[in-house]
Amino acid sequence: MDYTREVYANAPLVFVTCEIRFPLVPRLTDDDILNRLVEQFSDSLPIPATAMVQWADDDTDDGDETQRLLRFSNRDRTSSVVVTRTSLAIETTAYGEWSAFRSLIMQAIGVVASNARVAGVERVGLRYIDEIRVPEIITDASQWSDWVAADVLSHLKTVPDMSPAGFTTAAVLHNGNHRMLVRYAAMVGPGVVGDKPLRRRRQPPDGPFFVIDVDSFRDTSGPEMIDFDTEPVATVLDELHEPIGRLFQRSITDRARELFREEP
């Protein structure tokens, strides 16, 4: 059964990111470009920061190298744009609707493209992480059956007289060069998404929760490489985004939908 896309008042979505990878642009994190990016992001993402991070280079045998990372955040630190010499990432812990997040992605692409010559796009990905918490005591993973679809939990009863304390599973789906890595997990703790560098909208209780983690991506290297420009990337993003909502709806129950409709 398919469900109409719905924006929930109490949605369990805690983190969304879009990552765009491209061939090396050596000067992209230099000070002169940083200064221009600070100016161009000043209205929407006025807080700049830099960091040095370890970066794995798959194309060399030299191991990890240290690279500079540029981050531009909004005032409440719930959204940011991250620029490296090989990637652009747009992240948020305060996701509202696709149209708003898509607009931020387009802005970030436009700003970077106006300051550097990027050869093309090698990978485009969208990742959505939901942490489902419910107002009842969950002591083993099978008790999520009131909230999570039976298809997701079907393998938990394979061993008689044993109760599943937790569970983690992953599947790779594909349609042509569009792939989705889907992870489900029944866990206990404060959550899989931390409070830094972006702040969570609400601090979660330390207890049982269910994770739905979807990474929808397309590799565009070689002859399929697309231009680093808003229009071709937007087309790919819309294709990647469309099945994410359907997968989420198929993964939850009507009882969960009623819970997510309640005001937080």
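Buried here means under 20% relative accessible area, exposed means over 50%, and partly exposed is in between (1.4 Å probe, protein chains only). Helices (H or I, at least four residues) and strands (E, at least two) are DSSP runs, numbered from the N terminus.

**Source of the values.** The model is predicted: local features need pLDDT of at least 70, side-chain atom pairs count only at pLDDT 80 or more, and totals for chains, interfaces and linings use all residues. Residues are numbered from 1 along each chain as its sequence is written, and side-chain values use heavy atoms, with hydrogens and water left out.

**Cores.** I looked up the largest nonpolar core, which has 68 residues; Leu88, Ile105, Trp144 and Phe210 have the most contacts inside it. Such a core is a set of buried Ala, Val, Leu, Ile, Met, Phe, Trp, Tyr and Cys residues joined through side-chain atoms within 4.5 Å. Helix α2 (residues 98-113) gives the largest share of this core, 9 residues. Another core, of 8 residues, lies apart from it, and includes Val14, Val193, Leu198 and Val211.

**Thr29.** I found Thr29 in the loop between β1 (13-21) and α1 (31-40). Thr29 counts as buried because its relative accessibility is 4%. Leaving aside neighbours within four places in sequence, Thr29 is in contact (heavy atoms within 4.5 Å) with Arg68, Leu70, Val83, Thr84 and Arg85.

**Backbone.** I checked Arg77, in the loop between β3 (64-73) and β4 (79-83). Its phi is near 55°, a positive value in a residue other than glycine. Arg77 counts as partly exposed because its relative accessibility is 31%. I then went to Pro197, in the loop between β8 (178-189) and β9 (207-219). The peptide bond from Lys196 to Pro197 is cis, with omega near 0°. For background, most residues other than glycine have a negative phi, and most peptide bonds are trans.
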